[in-house]
Amino acid sequence: MMQTERQKEIIDSALELISRKGIQGLTIKNLSKSIGVSEPAIYRHFDSKIDILTSILDLLKKNSSRLFESEIEFNGTSLEKIEHLFQNHFATFVKIPSLTSVLFSEEIFRNEVSITKKISEIIEYNNDILVTIISEGQSNNEIREDIEAKDLAVMVMGTLRLFVKKWQFSDFSFDLAEEGEKIILMIKNLIEKKSPKPTSQAKLS
């Protein structure tokens with residue numbers, strides 16, 4: 001559904017508020033003060049705080065899906081595709097750090113079925129595409145085959161998630177993109193298929 005300009009303004013203000021006060025600081029009262037409108041004015045565009053958060057997650061899902069799908073079409077190796085995925089996600093989080101507070105705060109919404117379902121959809125969708133990329137790399141002899149693609153995907157996604165969460169918990173105190181390059185190199189080194197070392201006999205000949 002197409003958002004109105006006012007809805008976009010409310011979402012932008014909600015993200016800015018989350019950035020300053022954390023996810024628990026997002027209330028309709030705080031939001032109305034931040035924008036400079038009455039609380040009923042907010043409710044004319046969103047039914048509740050959960051409705052606003054759902055819209056934020058829809059935005060994240062749309063952006064994330066675009067990043068993953070573009071790598072499927074990218075004419076490069078699977079390792080390059082995975083590298084681009086990390087770099088593009090780091091760039092997105094650097095641009096809008098408050099997205100991490102929403103995506104990584106599912107424990108706060110344990111009883112909000114719509115929110116946990118939305119977060120699960122994002123994770124599962126991205127995971128499925130990553131499995132496709134890794135499987136392609138295994139078929140092309142680029143990625144190790146001794147571990148199943150689905151298990152390698154868990155390792156890759158888990159590393160990405162933990163690293164970004166560490167950045168969030170540090171109050172964004174380090175350069176995510178710069179430090180992220182080290183993580184990317186580590187991941188590539190772990191999953192890349194290594195050429196077998198020459199045997200002693202081969203060395204002698």
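Me: What does Glu-16 count as, and at what relative accessibility?
Reply: Glu-16 comes out at 36% relative accessibility, so it counts as partly exposed. Here buried is under 20% relative accessible area, exposed is over 50% and partly exposed is in between, with a 1.4 Å probe and protein chains only. Keep in mind that this is a predicted model: local features need pLDDT of at least 70 and side-chain atom pairs pLDDT 80 or more, while totals for chains, interfaces and linings use all residues. Residues are numbered from 1 along each chain as its sequence is written, and side-chain values use heavy atoms, without hydrogens and water.

Me: Okay, and which residue forms a salt bridge with Glu-16?
Reply: That's Arg-20, with the closest N and O atoms 2.7 Å apart. A salt bridge here is a Lys or Arg side-chain nitrogen within 4 Å of an Asp or Glu carboxyl oxygen. Arg-20 and Glu-16 are four residues apart in helix α1, which means that about one helical turn separates them.

Me: Tell me about α1 then. How many residues does it have?
Reply: Helix α1 has 17 residues, 5-21, and reaches 24 Å from first C-alpha to last, close to the 24 Å expected at 1.5 Å a residue. The expected span is 1.5 Å times one less than the number of residues, and helices are DSSP runs of H or I with at least four residues, numbered from the N terminus. Just past the end of α1, Gly-22 has a positive phi of about 85 degrees.

Me: Which parts of α1 are buried, and what do they pack against?
Reply: The buried residues of α1 include Ile-10, Ile-11, Leu-15 and Ile-18, along with Gln-7 and Ser-13. Their packing partners are α2 (28-35), α3 (39-43), α4 (49-73) and α6 (98-103).

Me: Switching to α4: is Ser-55 buried or exposed?
Reply: Ser-55, which sits in helix α4, counts as buried because its relative accessibility is 11%. Beyond neighbours within four places in sequence, Ser-55 is in contact (heavy atoms within 4.5 Å) with Gln-3, Ile-11 and Phe-46.

Me: Last topic: how many cavities of 30 Å³ or more?
Reply: The count is one. A cavity is a set of points on a 1 Å grid over the protein atoms alone where a 1.4 Å probe fits but cannot get out, and lining residues have an atom within 4 Å of a point. Points are joined across faces, edges and corners, and volume is the space filled by probe spheres set on them. The largest cavity holds about 40 Å³.

Me: What lines the largest cavity?
Reply: Leu-60, Asn-63, Ser-64, Leu-67, His-89, Thr-92 and Phe-93. The elements giving two or more residues to this lining are α4 and α5 (78-95), and α4 has the largest share, with four residues.

Technical notes: On a 1 Å grid over the protein atoms alone, a cavity is a set of points where a 1.4 Å probe fits but cannot get out, and a pocket is an open set with protein on both sides within 12 Å along at least five of seven lines; lining residues have an atom within 4 Å of a point.
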